Structure formats: C-alpha cells, structure tokens
Amino acid sequence: MSKSRQQRETVRHLTYFVVQAYRAVKGAEGKISADDPMPARDEAHANALFERYKPIRAGVVAFRRTGDPTTGDWEDAVILAKHGLLPAEVDGMKDASEIEPDRWDLSAADLKVA
C-alpha cells in the first residue's frame, strides 16, 4: 500500500471504554475524590474492572464514548454500570439500558433463504 493511501485512511468512529472509581474523603462525610480513570479494552473488560472496584471504592462508574477522533465530534457518554457515591454529572449521563438498539425494518421477504 502506498504511503499516500495510508495517510488518507482514518478511523471514522472509535468507541472507548473507561472505568472511573471514587474514594471517600476522610473526615468529610459524603465527599469523594476521583481516582485516575482506567481505560478498558472493551465492554467485558470495563464490566470486570467495575466489579473489581465496586466493593473497595465509595463509588464506581463504567462508561463508553463513541466519536470521530479526527474531527473531535463525540457522542455523550453512555453508562454501562454505576454504583455508590458518584458526582452529580454522572446523573446526567445516558444509561445503556435506556438506549434502544438499532432497529432494522425488515420484512419476511428480506429474511427468506435461497
């Protein structure tokens, strides 16, 4: 493949997965502090990290985001799982269970096997 062709090929949409855990702040009831965000390989890995940190942190949220890295256009984050004390901005995020999966309008004729 030529070098110029390689430069023209870009990723149009990328989905990344993140788990964000929060620690309770000592001496300040109800206050939390964010740990470093943890990138995950895929949804299964994000859920595994979520389950790992759920019992040992004050709060934890796993989410995904999809967008175009070349233009910087990103969709809103979608929560995969959440637990415990979380910052207010998490309340405004979409929950994966609330999102209707893509629907194809297929008829019986479309499903016939030759």
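One term first: two strands pair if DSSP finds at least two bridges between them. Helices (H or I, at least four residues) and strands (E, at least two) are themselves DSSP runs, numbered from the N terminus.

What you are looking at is a predicted model, in which local features need pLDDT of at least 70 and side-chain atom pairs count only at pLDDT 80 or more, while totals for chains, interfaces and linings use all residues. Residues are numbered from 1 along each chain as its sequence is written, and side-chain values use heavy atoms, with hydrogens and water left out.

Now the outline. The protein has three helices and seven strands. In sequence order they read α-β-β-β-α-β-β-β-α-β.

Let me start with the strands. Which strand does β1 pair with in the antiparallel sense over nine bridges? The partner is β4. Within that pairing, valine 19 has alanine 62 of β4 as its bridge partner.

β4 also runs antiparallel to β6, with six bridges joining them. Two positions show this: valine 60 stands opposite histidine 83 in β6, and valine 61 has lysine 82 as its bridge partner there. As a general point, side chains in a regular strand alternate between the two faces of the sheet.

β4 is joined to β5 as well, by two bridges, and these strands are again antiparallel. Glycine 67 is bridged to tryptophan 74 in β5. The two strands form a hairpin with four residues between them, and glycine 72 in the turn has a positive phi of about 80°.

A parallel pairing is found between β6 and β7, residues 94–95, with two bridges. There, valine 78 stands opposite lysine 94.

Next, burial. Buried means under 20% relative accessible area, exposed means over 50%, and partly exposed is in between, with a 1.4 Å probe and protein chains only. How much of the protein is buried? Of its 114 residues, 26% are. In β4, eight of the 10 residues are buried, so this strand is largely enclosed by the rest of the structure.

For the surface, accessible areas come from the Shrake-Rupley method with a 1.4 Å probe, and for residues only the protein chains shown count as cover. The protein exposes about 8,700 Å², and 49% of that comes from carbon and sulfur atoms.

On to the core. A nonpolar core is a set of buried Ala, Val, Leu, Ile, Met, Phe, Trp, Tyr and Cys residues joined through side-chain atoms within 4.5 Å. The largest one here has 13 residues, and those touching the most other members are Val19, Met38, Ala46, Leu49, Tyr53, Val60 and Ala62. Two or more residues each come from β1 (14–24), β3 (38–40), α2 (43–53), β4 (59–68) and β6 (78–84). The largest share, four residues, is from α2. In soluble globular proteins, nonpolar side chains tend to be buried together.

Contact means heavy atoms within 4.5 Å. Leaving out residues up to four places away in sequence, leucine 49 touches Val19, Met38, Pro39 and Ala40. Across the protein, of the contacts between residues at least 6 apart in sequence, 50% join residues at least 24 apart.

Then the aromatic rings. Rings of Phe, Tyr and Trp (its six-membered ring) pair if their centres lie within 6.5 Å; planes under 30 degrees apart count as stacked, over 60 as edge-to-face and the rest as tilted. How many such pairs does a search of the whole structure find? It finds one. The ring centres of tyrosine 16 and tryptophan 74 are 5.5 Å apart with planes at 75°, so this pair is edge-to-face. Tyrosine 16 is in β1 and tryptophan 74 in β5, 58 residues apart. Tyrosine 16 is partly exposed at 31% relative accessible area, and tryptophan 74 is partly exposed at 29%.

Last, the salt bridges, each a side-chain nitrogen of Lys or Arg within 4 Å of a carboxyl oxygen of Asp or Glu. The whole structure has two. Aspartate 35 bridges to arginine 23, with the closest N and O atoms 2.9 Å apart. Arginine 57 also bridges to aspartate 35, at 2.7 Å. Arginine 57 is in the loop between α2 and β4 and aspartate 35 in the loop between β2 and β3, so this pair ties together parts 22 residues apart in sequence.
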